[in-house]
Amino acid sequence: MSQIMLFPLGSIVLPEGKMKLRIFEPRYKRMVTQCLKESAGFGMCLIDESAGSAPSNVTQIGTFVSIVDFEVLEGGLLGITVSGIKRFLINNVVSEHDGLRVADVDWLPSWQPLTLSKHQAFIGERLQEVYNAFPTLESLYLHCFYDDATWVSQRWLEVLPVSCHEFEQLVAQPNCEAMLSYIEKAITKHGLLEPKPNG
């Protein structure tokens, strides 16, 4: 078991994913300063409004991230870029004096790379279209693995609007198969995102 600092948000990054964050609250500035000083990371999880009040109103599963870039923004804000490393399961969470949450976590095994099948190739193709439409997302990555089912499914879950319950069900699985099925249904539900015919 390990102890990590938590940064709950309304969105999340998953392993191998990247995200830019603006840090302005003193407790999270303290967290970032400590991480940079100790070359450490922190945990990101979703805020679960149905789970009651803080500090326990977070999803049980989250992603441990490392800070790969930072900058000082206007108004004293900190801008950081984080990279997802591995998933964790929260066993206990407490608040420190300034409201920063610290959790005891167990690490979850990483999903292995998996090549998208011919039938599922459109899932990677549609993600590429999304990234082309929002170049700030694609610019975060040196390489995009649109043929890797694990990479693609995790990137989709970062941009799709999912409930905390759905998120936890999907990321708790031993592989990306359930997530791929969920994403395929979500994509094909919208007319302009229907898969192209095979052949």
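Visitor: Let's start simple: how many helices and strands does the protein chain have?

Guide: Six helices and six strands. Along the sequence they run β-β-α-β-β-β-β-α-α-α-α-α. Keep in mind that this is a predicted model.

Visitor: What makes the overall size of the protein chain agree with a compact globule?

Guide: For 199 residues the globule rule gives a radius of gyration near 16 Å, and the protein chain has 17 Å, so the two agree. Its C-alpha atoms fill a box of roughly 60 × 35 × 25 Å along the principal axes. As for burial, 43% of the 199 residues count as buried.

Visitor: Now H4. Why is H4 called mostly covered?

Guide: Count the residues: 10 of its 11 are buried, and buried means under 20% relative accessible area. The list includes Trp 151, Arg 155, Trp 156 and Glu 158. Those buried residues pack against helix H2 (121-133), H5 and H6.

Visitor: And what makes Asp 148 a cap on H4?

Guide: A side-chain oxygen of Asp 148 lies 2.9 Å from the backbone nitrogen of Thr 150, at the N-terminal end of H4. The cut-off for a polar contact is 3.5 Å, so 2.9 Å passes.

Visitor: Over to H5, then. How do you know that its buried residues line one face?

Guide: Helix H5 covers residues 164-171, and its buried ones are Cys 164, Phe 167, Leu 170 and Val 171. Looking down the axis of H5, they fall within an arc of 130°, so they line one face of the helix. They pack against strands E3 (42-46), E4 (61-72) and E5 (78-95), plus helices H4 (149-159) and H6 (177-188).

Visitor: How many aromatic pairs does a search of the whole structure find?

Guide: The search finds 10. One of them is Phe 7 with Phe 42.

Visitor: Why is the pair of Phe 7 and Phe 42 called edge-to-face?

Guide: The ring centres are 6.1 Å apart, with 75° between the planes.

Visitor: What makes Phe 7 and Phe 42 buried?

Guide: The cut-off is under 20% relative accessible area. Phe 7 has 6%, so Phe 7 counts as buried; Phe 42 has 0%, so Phe 42 does as well.

Guide: Here's another edge-to-face pair: Tyr 131 and Tyr 146, at 6.3 Å centre to centre and 75° between the planes. Tyr 131 is in helix H2, while Tyr 146 sits in the loop between helix H3 (135-138) and H4, 15 residues apart. Both tyrosines are buried.

Visitor: Which residues do ring pairs link into a cluster with Tyr 131 and Tyr 146?

Guide: Tyr 141, Phe 145 and Trp 151 are linked in with them.

Visitor: How do you know that the charged end of Arg 155 sits over the ring of Trp 151?

Guide: The charged end of Arg 155 is 5.3 Å from the ring centre, and the distance cut-off is 6 Å, along with an angle within 35 degrees of the ring normal. Elsewhere, Lys 86 lies over the face of Trp 107, at 4.1 Å from the ring centre.

Terms used
Residues numbered from 1 in each chain as written. Predicted model: local features only at pLDDT ≥ 70, side-chain atom pairs only at ≥ 80, totals over all residues. Heavy atoms only, no water. Buried < 20%, exposed > 50% of the residue type's maximum accessible area, 1.4 Å probe, protein only. Helix = DSSP H or I, 4+ residues; strand = E, 2+ residues; numbered from the N terminus. Arc of directions from axis to C-beta. Contact = heavy atoms within 4.5 Å. Polar contact = N/O pair within 3.5 Å; in protein donor to acceptor, adjacent residues only side chain to side chain. Phe/Tyr/Trp six-rings, centres within 6.5 Å; stacked < 30°, edge-to-face > 60°. Rg over C-alpha atoms; globule rule 2.2 N^0.38 Å.
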